[in-house]
Amino acid sequence: GMRAVGVTTYGGPEALELVDLPEVHAGPGEVRLRVYAATVNPTDTYVRNGDRAKVQSADPGPYVPGMDAAGIVDEVGEGVTTGIAVGDRAMAIVVPKGTHGAYRESLVLPAGSVTRSPEGTSHAEASTLPMNGLTARLSLDLLGLQPGQTIAVTGAAGCYGGYVVQLAKADGLTVIADASEADTELVTSLGADIVVPRGAGFAAEVRKHFPNGVDGLADGSVQNDEVIDAIADGGAFTSVRGYQGEPQRDITFSVTWVISYATEHAKLDQLRAQTEAGEVGLRVAQTYPAAQASGAHARLEAGGTRGRCVIEFD
């Protein structure tokens, strides 16, 4: 068998345990990854704490969290056309289901979910890119802005927000973003053109700089109604936790669900290329051996992490 980190009983970070799972093999159109690193994301805590118990009960446990993995390809099924090969360093987006989550040593995935890791990155660094990077890419695609237009980003110091800022700049947008005093330098370094204080009053701060409002807003900090006033009439708003605003001022509201991009290989590979080109930077806060995965969840839930905690399988 092989090692994984999952839960047999829902609970706090301490509920995570090392479990043994049967070996799996790549079928047609699939790639198997020997996983060396899996990023810890807020969504992983819902798999662990019972928030998704009803949905998860359709599959036998243990329930293995994780939407991001990086490692080395060790099997490629027939009919795979993405150019990935055994021995390649690769990264993947994972849609967790039952025992199938990123926190496991071996993972079989649709070929469209896997691409080579950016040159010169560690497994831990590469693992932070797929899910969050694709979420940011999808948000920008949903907003549909053109070069020269303006975007506001909340939660800009976070993983998703940081990628939105970097990808927006690469798309030729003008970026106004929020930051605490401690994070102002970080958000500026990500490429934000204007940085304003985070928290209540964001919309008013944006209007000081753009009296008519911005063309689009990506709400990484989930402020929902509180930030709509930042957007111009006829602008666009995208949310990351399912919020759909009340119709107003011809604003286009969209919901960013990254699963719709889970097999969009070209989008994932573009993130690799943009990282290699220096347009996207990868941030690891801390790594944890698999046996200490609970510590990674506790650190995430304590808040204020800059960059991602990553679980490593040696």
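Reply: Contact means heavy atoms within 4.5 Å. The model is predicted, so local features need pLDDT of at least 70 and side-chain atom pairs pLDDT 80 or more, while totals for chains, interfaces and linings use all residues. Residues are numbered from 1 along each chain as its sequence is written, and side-chain values use heavy atoms, without hydrogens and water.

Begin with a strand residue. Asp74 lies in strand E4. (Helices, H or I of at least four residues, and strands, E of at least two, are DSSP runs numbered from the N terminus.) Beyond four places in sequence, Asp74 touches Arg32, Leu33, Arg34 and Val86. Its relative accessible area is 31%, so Asp74 counts as partly exposed. (Buried is under 20%, exposed over 50%, partly exposed in between; 1.4 Å probe, protein chains only.) Met2 is 72 residues from Asp74 in sequence, yet their C-alpha atoms are 14 Å apart.

Strand E4 spans residues 68-76 and pairs antiparallel with E5 over five bridges. E5 itself, residues 89-93, is mostly covered, with four of its five residues buried. E5 also pairs with strand E7 (residues 114-116), in the antiparallel sense and over three bridges. There, Met91 is the bridge partner of Thr115 in E7.

Now the parallel sheet. Six strands form an open sheet with parallel pairing, in the order E10-E9-E8-E11-E12-E13. Strand E10 (194-197) and strand E13 (252-255) are at the edges with a single partner strand each, so one side of each has no neighbour in the sheet. On average, neighbouring strands here are turned by 20° against each other, direction ignored. Strand E12 (residues 231-239) runs parallel to E13, and four bridges join them. (Axes are lines fitted to C-alpha atoms, for helices over the stretch in contact; angles between N-to-C directions run from 0 to 180 degrees.)

H4 is the helix to look at. Two packed helices are described by the angle between their axes and the distance between the axes. For helix H4 (residues 130-143) and helix H5 (residues 159-170), the axes come within 8 Å and cross at roughly 55°. The two helices are therefore oblique to each other. H4 contributes Asn132, Gly133, Thr135, Ala136, Arg137, Ser139 and Leu140 to the contact, and H5 contributes Cys159, Tyr160, Tyr163, Val164, Leu167 and Ala168. By class, these residues are eight nonpolar, four polar and one charged. (Nonpolar: Ala, Val, Leu, Ile, Met, Phe, Trp, Tyr, Cys and Pro; charged: Asp, Glu, Lys and Arg; polar: the others, Gly among them. Angles under 35 degrees are roughly parallel, over 145 roughly antiparallel, 65 to 115 roughly perpendicular, the rest oblique.)

Leu271 also meets this region. Leu271 belongs to helix H8 (residues 265-276). Relative accessibility is 1%, so Leu271 counts as buried. Leaving aside neighbours within four places in sequence, Leu271 is in contact with Leu129, Pro130, Gly133, Leu134 and Leu167. Gly133 and Leu167 are both part of the H4 and H5 contact as well. For scale, Thr99 is 172 residues from Leu271 along the chain, with 27 Å between their C-alpha atoms.

H1 is another neighbour of H4. The buried residues of H1 are Thr43, Asp44, Thr45, Val47 and Arg48. They pack against strand E3 (30-39), helix H2 (53-56), H4 and H9. Gly50 follows H1 and has a positive phi, near 95°.

The packing of H1 on H9 can be set out too. Helix H1 (residues 42-49) and helix H9 (residues 293-302) pack at about 120°, with axes 10 Å apart. That angle makes H1 oblique to H9. Pro42, Asp44, Thr45 and Arg48 of H1 meet His297, Leu300 and Glu301 of H9. This contact divides into two nonpolar, two polar and three charged residues. Asp44, Thr45 and Arg48 are also among the buried residues of H1.

Note on methods
Pairing = 2+ DSSP bridges.
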